[in-house]
Amino acid sequence: MRIILYLGKGGVGKTTVSASTATAIARSGKKVLIMSTDVAHSLADALGSELSATPVEVEKNLFAMEVNVLAEIRENWTELYSYFSSILMHDGADEIVAEELAVVPGMEEMISLRYIWKAAKSGLYDAIVVDAAPTGETMRLLGMPESYGWYSDKIGGWHSKAIGFAAPLLNRFMPKKNIFKLMPEVNEHMKELHSFLQDKDITTFRVVVNPENMVIKEALRVQTYLNLFGYKLDAVMVNKILPAESKDEYLSSLIALQQKYLKVIDDCFYPIPIFKAKQMAKEVISPDQLHELSQQLFEGRNPMDVLYANDTTQVLEKVNGKYVLKLHLPNVEITKLNVNIKGDELLVDINNFRKSIVLPNVLVGRKTEGADFESGHLNITFSS
Ligand SMILES: Nc1ncnc2c1ncn2[C@@H]1O[C@H](COP(=O)(O)OP(=O)(O)OP(=O)(O)O)[C@@H](O)[C@H]1O
Ligand SMILES: [Mg+2]
């Protein structure tokens with residue numbers, strides 16, 4: 001079983017590329033579920049079918065669903081929700097404020113993750129493709145399984161505190177079935193999902209970009225965070241590439257700009273494989289068109305494969321009290337090396353290519369002390 005998650009900035013084509021991947025997998029004879037965890041759904045538009053919160057078979061082997069987080073909260077978590085607001089009201093909060101505060105942070109993410117866990121656990125699919133929300137929200141989602149234990153402990157803590165101090169009042173509001181019995185179970189699911197997400201043979205992440213400055217910067221941030229969480233990036237999907245030339249002056253300058261950024265993408269993401277799709281002259285809104293796009297993108301490679309099998313490309317370690325950022329750069333012979341920091345970016349000039357890396361927060365503001373290159377790894381040491 002494979003889980004493939006597509007990430008990237010808003011509007012770059014995550015939904016289109018995810019649906020295109022899922023269609024290609026289904027048409028190769030494998031059973032696939034595509035799931036959208038974005039609150040603003042557009043998967044139904046891309047597939048040209050109506051979808052719901054339970055999987056619908058769009059065509060043979062192609063199942064799709066749109067996770068409806070808010071409806072799920074309303075249906076299944078209202079008891080927990082009203083319980084929290086009653087605790088907050090008892091502590092003196094105004095009713096409306098209490099209701100606002102009672103939406104437990106991370107709840108939406110947790111619900112999306114539970115759907116991924118359920119689908120993975122069901123054993124019904126050969127592959128699960130996740131069309132995620134734009135980067136910021138998804139990064140919170142991906143950090144969640146790790147922080148979940150802490151989170152459910154905290155909820156458990158509130159519960160016992162509330163029982164201790166305010167039992168007579170709170171008994172009136174106690175949920176009919178004990179939600180708190182469910183917490184350890186959800187915690188187990190999160191742990192299991194976390195192990196699926198970190199298993200590099202099961203889960204890979206792919207970032208969708210357009211040849212544009214801001215979009216690339218966001219994708220580099222994605223790469224940094226995936227590395228920090230121990231998740232594997234196995235492909236970069238460059239979408240909406242214009243034709244190589246045009247007689248039109250306006251288009252020609254856009255094309256020149258794209259060419260510049262295509263080179264930046266090549267340099268920055270090396271050695272992760274890069275897949276490309278053209279800007280189509282029509283909307284991509286049916287399984288047939290999505291399949292056509294997938295043929296352009298994958299060029300005969302199996303979209304279900306792990307597309308980059310080597311180790312993580314960036315590793316942050318603490319050696320003798322100092323942070324060392326290790327970059328995997330196979331097949332590079334370094335003749336000229338220059339390392340510079342600009343804001344939250346690390347610019348590494350190697351021979352005639354420049355790699356740019358968005359620094360994790362812990363490294364921002366530190367200076368580099370040295371860099372050495374050994375058996376395909378560039379190690380950059382930061383001051384403590
Ligand atoms: N290669 C392409 N050629 C032509 N149109 C495309 C292509 N890829 C995507 N589009 C169109 O661009 C728009 C945005 O694509 P899409 O919805 O897939 O992006 P997204 O990254 O999922 O956006 P959001 O962040 O809002 O979820 C859609 O109208 C889609 O049909
Ligand atoms: Mg989308």
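The protein has 11 helices and 15 strands, where helices (H or I, at least four residues) and strands (E, at least two) are DSSP runs numbered from the N terminus. This is a predicted model, in which local features need pLDDT of at least 70, side-chain atom pairs count only at pLDDT 80 or more, and totals for chains, interfaces and linings use all residues. Residues are numbered from 1 along each chain as its sequence is written, and chains are lettered from A and ligands numbered from 1 in the order in which they are written.

**Exercise 1.** Find which residues touch the most other members of the largest nonpolar core.

*Solution.* 
1. A nonpolar core is a set of buried Ala, Val, Leu, Ile, Met, Phe, Trp, Tyr and Cys residues joined through C-beta atoms within 7 Å.
2. A residue is buried if 20 or more other C-beta atoms, placed from the backbone, lie within 10 Å of its own.
3. Among the 76 residues of this core, the answer is Val32, Ile116, Ile128 and Val209.
4. Helix H6 (residues 107–122) supplies the largest share, 8 residues.

**Exercise 2.** Describe which residues come nearest to ligand 1, and the classes around it.

*Solution.* 
1. Of the 19 residues around ligand 1, Gly13, Lys14, Thr15, Thr16 and Met280 come nearest.
2. Helix H1 (14–27) and strand E7 (233–241) each give two or more residues to this shell, and H1 gives the most, with 3.
3. The shell has 6 nonpolar, 9 polar and 4 charged residues; Gly counts as polar.

Notes: A residue is buried if 20 or more other C-beta atoms lie within 10 Å of its own, exposed if 12 or fewer, and partly exposed in between; C-beta atoms are placed from the backbone. A residue is near a molecule or strand if its C-beta atom, placed from the backbone, lies within 6 Å of it.
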